[in-house]
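Here's a friendly walk through one protein model, taking its pockets and its sheet in turn. Have a look at the structure first, then read on.

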Amino acid sequence: MGLNKLTNHIYYLEHNPEVDRPMLGYVKGDKYSLAIDAGYSANHVHDFYKAIEAEKFDKPNFTVITHWHYDHTFGMHAINGVSIAHEKTNDFLKEQQVRARDINYIELMKKDDVHFEKEYSGQDKLSIVLSDITFADKMTLDLGGITAQIFHAVSPHSDDTTCIYVPEEKVLFLGDSTSEDFFNNGYMDKDKLCSLIQTIQSIDCRYCILSHCEPLTKEDLLSYLFTIELQNPSLLDKEN
């Protein structure tokens with residue numbers, strides 16, 4: 001599986017539903033490159049870097065984490081360069097580090113998640129690390145010719161949701177932000193979804209990139225999100 005080109009500066013390794021691997025993004029600047037998410041495991045990172053090297057691109061100088069869930073962070077110990085995450089992401093990962101001290105934790109996760117069992121088949125330990133840099137609200141990286149605007153967003157999926165906007169390419173990376181909270185019995189907070197929709201509406205983007213599907217246009221994503229809100233007319237009132 002190789003890199004897919006979205007724009008002249010943005011590529012991605014597509015998601016793999018067989019093991020529920022999320023999409024990993026690659027933003028290529030003139031001076032530096034940026035990865036979106038650290039992947040499910042060291043093997044996931046290896047496959048990503050192999051695809052990058054096949055294009056004769058450099059490994060990422062920076063990796064931004066969209067949220068703490070293990071399919072986006074448990075490969076962080078294997079990445080190249082500097083990792084960046086919201087401060088809440090590191091708080092969640094610290095909790096995971098404590099749990100992983102139990103030698104049975106990885107086996108419990110395999111029992112709970114068939115995808116995790118496939119990704120970590122034959123492995124008996126986890127390497128969970130924290131990001132090198134944290135931020136609270138927003139930060140911007142100048143990659144040379146293009147910039148990455150990194151910001152925290154309200155989301156129904158996770159409290160540490162981080163989005164990445166590349167204005168020169170009009171691309172917005174959203175992670176899993178539009179999904180329900182799987183660690184809270186699949187609860188969908190409509191107010192948080194409303195806030196996220198308003199955030200997306202306010203950004204001048206052409207493409208919206210979610211982690212477990214193909215890239216969508218802004219219009220297509222918003223149309224889908226409004227179907228979720230059909231029983232909550234307050235959102236439409238706010239838009240008007």
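## The largest pocket

Helix H2 (70-73) and helix H7 (218-228) each put at least two residues into the lining of the largest pocket. H7 is the top contributor to that lining, with three residues. Helices here are DSSP runs of H or I with at least four residues, strands are runs of E with at least two, and both are numbered from the N terminus. Keep in mind that this is a predicted model, where local features need pLDDT of at least 70, side-chain atom pairs count only at pLDDT 80 or more, and totals for chains, interfaces and linings use all residues. Residues are numbered from 1 along each chain as its sequence is written, and side-chain values use heavy atoms, with hydrogens and water left out.

The volume of the largest pocket is about 440 Å³. Its lining has 24 residues, and those nearest the pocket's centre are His 157, Asp 176, Ser 179, Phe 182 and His 212. Sorted by class, the lining has eleven nonpolar, eight polar and five charged residues. (Ala, Val, Leu, Ile, Met, Phe, Trp, Tyr, Cys and Pro count as nonpolar, Asp, Glu, Lys and Arg as charged, and the others, Gly among them, as polar.)

As for the term itself, the search runs on a 1 Å grid over the protein atoms alone: a pocket is an open set of points with protein on both sides within 12 Å along at least five of seven lines, a cavity is a set of points where a 1.4 Å probe fits but cannot get out, and lining residues have an atom within 4 Å of a point. Grid points are joined across faces, edges and corners, and a volume is the space filled by probe spheres set on the points.

## The second largest pocket

This one has a volume of about 250 Å³. Its lining includes Trp 68, Tyr 70, Phe 92, Arg 99, Met 109 and Phe 183. Helix H3 (87-100) and helix H4 (105-112) are the elements that give two or more residues to this lining, and H3 has the largest share, four residues. By class, the second largest pocket is lined by six nonpolar, one polar and four charged residues.

## One cavity

The count of cavities of 30 Å³ or more comes to one. About 30 Å³ of space lies in the largest cavity. Among the residues around it are Leu 24, Asp 37, Val 45, Phe 48 and Ile 79. Helix H1 (residues 42-54) gives the most to this lining, with three residues. The lining divides into seven nonpolar, two polar and one charged.

## The open sheet

Six strands line up as S8-S9-S10-S11-S12-S13 in an open sheet with mixed pairing. Two strands pair if DSSP finds at least two bridges between them.

Strand S12 (residues 207-210) pairs with S13 in the antiparallel sense, over two bridges. Across that pairing, Tyr 207 stands opposite Thr 217 in S13.
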